[in-house]
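Please look through the sequence and the structure shown below, and keep them at hand while reading the report that follows.

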Amino acid sequence: MSTLASWLFRVLASVVCLALLVPVAAGRSPSQTRLDFLMFGDPRIELPPDDYRFREGTLALWLAALESPEGDLRQQAQRTFAWAHEQGMTGIQAAIEPLTQNLVGHERLVVRLTAAQALVAIDARQAAQALFDRAQTDGLDMAQLVEPALGRWEFSPLIDIWRGRLADERTSRQRRLLAIRGLGDLRDDAAAEDLLRIADAASQPADLRLAAATALGRIRRSGLEAASRRLFSRQPPTSLADRLVAVRLLRSHDSPEAQSLLVEMADDEEHAVVAGALERLLELDPPRIVPLAEPALAQRDVNVRRLVARALFACPSADNIRLLAGLLADPNPSLRDDVRKFLEQLAQSADWRSDVVGQAERLLSDTRWTALEQCVVLLATLGVDATSERMVELLSHPRPEVYVAAAWGLRRLGAERMLASVLETARQRNENRAELLLGEAGQPDVDQQLAHLFEFFGQKKYQAAEGLLREFIEKDMTIPYARSAAIWALGLLHEDQPQAELVQALRQRLEDTNLPLPEHYWVRRFSAITLGRMKAAAALPTLEMFNEPRGSQTTIGYACAWSIERITGRPMPPPATPVKYRSGFFLEPHPDAQGPP
């Protein structure tokens, strides 16, 4: 293979192996660790999902559009039917006959294609013959749309054609790929020899070889060891294509010979080969991966590291836990989260808890923020109270992922002896709030840190924090988490003890619906809850104003009903299911003409 061809194939291999890969782009995200908030579960608000419906008369209009003299209207209706079926539209089977007529008889290709799209989406197996006929005459776009569905339906005339394509070099590459993939999905043993011939032939295009090897690896559970060995050891030096084919052939094999060969493949220089071998070994015998762990963990491919992590998790030992803990600092955020959860599970066993805790405590002095974030979450989840002093120190760490995790960890541990130090830090963080606010959607900052600390004060009913918490009632749309948590915590500090000044301030927050800048809905929700928790009877008119007496449909309505019940003893009505009608279609009945509003 020429240098250029080799380079191009490496690019192709990176693409075709995406089924094994987690996108590397995920590593750009600073953190994916999601930390819970107490306030959202106290009280827990569970509202039924919206009941989306189609307005009466919609189906009839769309059926009529299928017979419109305007081809554009027909294709719009057909695309919409494909979508509406996924949304649960009833009566859609009535569209099968006119869709089939458009597929068979309309002169415009785009109308025939969208008719086929809708028939496939509806799973209209009675139209299989018509779809098959069009796939033979309407080009590759129709074939790529129709043939996978016919394969799922096990339409025998197509299966015969697929088998014939494997040996027909005159057939286009795209149609041969359709056949190879379809026969693999069907696990068609009759195609196995032709698939092996394609996979083995260096003269065949790389994508065909890899597809054939993948299909054959699904069909045959034994007997391909010799072919795999020959490809993996082919001389002169084996190509990447040969090695990828070799590993895919063994995808369903479990013989001792196959396992030994997979171990050899796991030491390959190409990460896609390594990942394929490790994936199968992990299913068969995870301990065989452990001796390969250290060099494999040094690979740049996160998928290799993830597979090794799963093997280490399946084979716990002091050394393996040490290796696993090292991945808490991995550059990939989803792998860090996975490893932390593995360690949490291992720590549930008395045999491994001390090893897990020891490694996490060791890494709590690490300089890498990735390790610090995960170790704080791990140790707090495991209830290791001895680390609370270190967590207080980390409240001032420069990385928001660390200082937010430290705040959450202290709340989770509930270490009362740290309350005074935490309050002092919270005051300092509030003084520097403007420069600490990042405003990056989905990423932690001081708003969330203060929220976790305020929850800590609330759950411990720490009266010394009352003054600081009150400062957060005033409207400020930049810190919704912190303000909501402060208001929630004040309710716990003053439970069953309404204070007139506080009641008035919270009523104003709940009533602030004025445009153009109404109060944040979380703040309004927790203002209502705190009024109820204090049993502030004076706030009943405001709570009734935003109550939904026929059944709560919003979180604010639920919060008001919950508080009214707490103050008056009047039971909450069960939540109502909001009924919403889908709209915005190319064609729909006028809401005033018929059907519900």
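## The nonpolar core

In this predicted model, the largest nonpolar core has 188 residues, and those with the most contacts inside it are Met265, Leu343, Phe454, Phe457 and Leu543. In soluble globular proteins, nonpolar side chains tend to be buried together.

If neighbours within four places in sequence are left aside, Met265 is in contact with Ser228, Phe232, Ala246, Val247, Leu250, Val273, Val274 and Ala277.

## Cysteines

A disulfide is a covalent bond between the sulfur atoms of two cysteines. Counting as disulfides those pairs of cysteine sulfur atoms that are within 2.5 Å, the model has zero disulfides. Cys375 has a relative accessible area of 0% and is therefore buried, and Cys560, with 0% relative accessibility, counts as buried too.

## A buried threonine

Thr100 lies in helix α4, which covers residues 96-105. Because buried means under 20% relative accessible area, Thr100 is buried at its value of 18%. Apart from neighbours within four places in sequence, the residues in contact with Thr100 are Leu119, Ala127 and Ala130.

## Two packed helices

Two packed helices are described by the angle between their axes and the distance between the axes. For helix α23 (residues 400-413) and helix α26 (residues 446-459), the axes come within 8 Å and cross at roughly 10°, so α23 and α26 are roughly parallel to each other.

On the α23 side, the contact is made by Tyr403, Val404, Ala407, Trp408, Leu410 and Arg411, while α26 contributes Val446, Gln448, Gln449, His452, Leu453, Glu455, Phe456 and Gln459. The residues of this contact of α23 with α26 divide into eight nonpolar, four polar and two charged.

Definitions and conventions
Residues numbered from 1 in each chain as written. Predicted model: local features only at pLDDT ≥ 70, side-chain atom pairs only at ≥ 80, totals over all residues. Heavy atoms only, no water. Buried < 20%, exposed > 50% of the residue type's maximum accessible area, 1.4 Å probe, protein only. Core = buried A, V, L, I, M, F, W, Y, C linked by side-chain atoms within 4.5 Å. Contact = heavy atoms within 4.5 Å. Helix = DSSP H or I, 4+ residues; strand = E, 2+ residues; numbered from the N terminus. Axes fitted to C-alpha atoms, helices over the stretch in contact; angles between N-to-C directions. Parallel < 35°, antiparallel > 145°, perpendicular 65-115°, else oblique. Nonpolar A, V, L, I, M, F, W, Y, C, P; charged D, E, K, R; others polar.
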